[in-house]
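Subject: Structure handover

Hello,

Here is the structure I said I would pass on. Please look through it first, then read the notes below.

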Amino acid sequence: SILVGFSSQAGLDALLKRVAPTRAHAAGSPGNGGEPKASMFRRPLKVAGKAKGSGPGRKLPGNMPDSIESEPEMTIGYVAVDFTDADGLPIYTNHTNIEEEIDTLNMMPGVTIAELNGEVEVLGEPGTKDGMKDKGASLRGQMERMLQESKPWGIDMFWAGGSQEVTPPKKLKIVIIDTGYDLGHEDLPKSFDGVTGFIPDGQGTDYGVWDADENIHPRARGHGTHVAGTDRRHWIEQPRSRWSQPGPVQVLFSYREGIQRQKGTTSKKIIIDCIEDCVASGADVINLSIGGSIRSALYESACEAAYDDGVLVIASAGNEGREIDGYPASYDVVMSVASVVEGGGPGSDTYGEKSSFSTFNDQVEIAAPGSNVVSTTPGNNYGSKSGTSMAAPHVSGVAAWLISHFPSCEPNQIRNAMINSSQEPPRAADGWDKLYGHGIVDAGAAYLLLSSEGCEGAGGLSSSDAGMTPSEMAQGGAYQKDIGCTADDHCYTGPSFGMRLAIGD
């Protein structure tokens, strides 16, 4: 299908007229779901000019653009258009070249962007169907009891730099866009704890219900529940687990069911719907343990709008095990998380090495435990999964915990504070690289940095002091902490520019 943004009602009307199905594909016939349903953005967004195929742009120091472009039309909404049916036959045109149709739609008055509505999938463990270590039915119950009582190795790693005995003073909301949530799990919050959910509008039974996570495609089964348990680990006392964290419930979970149950995948349009709903529901942090290979202007703009509205967006770098861009992690406003292993444990040369499957690129920003991570699974159970999907919620949980303590800090400052306090992985030279980003997340060290230096000293200037929007300040990867930095050792601009001095030096 094709994802199309529009700037006016007239533009939408013209679009719907063009894409009306032919007589052979009348509304409701096989291969066509009737007239496409438009979705409206919470507020108009600038989308045009980020056209298909463009790679991640790199802002120069000072955030000066390479060239001045004309002001684009504002995009007020978007719609997914089915181009061909299940047999590959055109629904409303006489040709089957989707690239030509995208070019045609981009020329229409009132259309701000037309692009492929690419596929997005959960990032499960490479080489297995669902990321679960299958020990066989006879051993599974015994294994789950042992996992329930064990302390996940990642806890000691991301608490290396300080005490975890600090109770968060402020409630906030983490929103997870994933496969679903095992609402009845004893170690996860219930509806009376404030857990809510959302299913994309008009999707029928393809997306099932948000509060279950078992009867779905094997590659996605239990994925969302496992991610939720990892996120939750930073926050509450787990009644059945000896590895629990102290303190009362201070976080509201909200779930967005974004993955089709029979396929284990979804489309960019559905994820945009979910992001918009997350922000409208008051999200402080959005966790996206999902990814795809195709860049999308509308998808990126939805992430930018969330970031500008005070939401920190965190995503898995990917499980390709090679250098390649993946989205949404490679958007500048999204914090891209790589995965590391326990190796031989603390003190060994392999403790914190990059997981073999972890994708690397210029946008990788921080790393976290992602191999053999123990967390909750459907049916009041526990399991070990691997993937950057497991690394991202470690960072999301740390970010939420920090926001609760330092609510006056902007997302850009919390993000940079985590980078500036990260611990060095086992690599040849200190600093940023494509494998680990700036280092391994350290909740305790980030807390101490923010406590001693404040929002500005730990994370750089606020957007108002910098005279930019948060999304304009966002760089991603090596360059993230450069714009607005206030300490010389925070002003690394990456391999293209080297070190420079802080503002005021």
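The side chains of D178 and H223 are joined by a polar contact of 2.7 Å. A polar contact here is a pair of N or O atoms within 3.5 Å; within protein, one must be able to donate a hydrogen and the other to accept it, and residues adjacent in sequence count only if both atoms are side-chain atoms. H223 also has a polar contact with the side chain of S389, at 2.9 Å, again between side chains.

Before going further, note that this is a predicted model: local features need pLDDT of at least 70, side-chain atom pairs count only at pLDDT 80 or more, and totals for chains, interfaces and linings use all residues. Residues are numbered from 1 along each chain as its sequence is written, and side-chain values use heavy atoms, with hydrogens and water left out.

D178 is found in strand β6 (residues 172-178), and S389 in helix α8 (residues 388-405). Helices (H or I, at least four residues) and strands (E, at least two) are DSSP runs, numbered from the N terminus. D178 has 0% relative accessibility and counts as buried; S389 is likewise buried, at 0%. Buried means under 20% relative accessible area, exposed over 50%, and partly exposed in between (1.4 Å probe, protein chains only).

Next, helix α9. How many of its residues are buried? The count is 10 of the 10, so α9 is largely enclosed by the rest of the structure. One of its residues is N412, which is buried at 2% relative accessibility. The side chain of N412 makes a polar contact of 2.4 Å with the side chain of Y307. Leaving out residues up to four places away in sequence, N412 touches Y307, G459, P470, M473, A474 and Q480; contact means heavy atoms within 4.5 Å.

There is also an open sheet of four strands, in the order β2-β3-β1-β4, with antiparallel pairing. Two strands pair if DSSP finds at least two bridges between them. β2 (39-46) and β4 (111-116) stand at the edges with a single partner strand each, so one side of each is left without a neighbour in the sheet. On average, neighbouring strands of this sheet are turned by 30° against each other, direction ignored. Axes are lines fitted to C-alpha atoms, for helices over the stretch in contact, and angles run from 0 to 180 degrees between N-to-C directions.

β2 and strand β3 (residues 74-81) run antiparallel and are joined by four bridges. M40, for instance, has G77 in β3 as its bridge partner. Helix α7 packs on the sheet and touches β1 (2-6), β2, β3 and β4; the direction of α7 makes about 80° with that of β2.

R295 is buried, with a relative accessible area of 16%. The side chains of R295 and E300 are joined by a polar contact of 3.1 Å. R295 and E115 are 180 residues apart in sequence, and their C-alpha atoms are 9.3 Å apart in space.

Last, the aromatic rings. Rings of Phe, Tyr and Trp (its six-membered ring) pair if their centres lie within 6.5 Å; planes under 30 degrees apart count as stacked, over 60 as edge-to-face and the rest as tilted. By this rule there are five aromatic pairs. In one of them, the rings of F41 and Y78 have centres 4.8 Å apart and planes at 40°, so the pair is tilted. It links distant parts of the chain, with F41 in strand β2 and Y78 in strand β3, 37 residues apart. F41 is buried at 7% relative accessibility, and Y78 is buried at 1%.

Y299 and Y331 form an edge-to-face pair, 5.6 Å centre to centre with 80° between the planes. Ring pairs also link Y299, Y327 and Y331 into a cluster.

Regards
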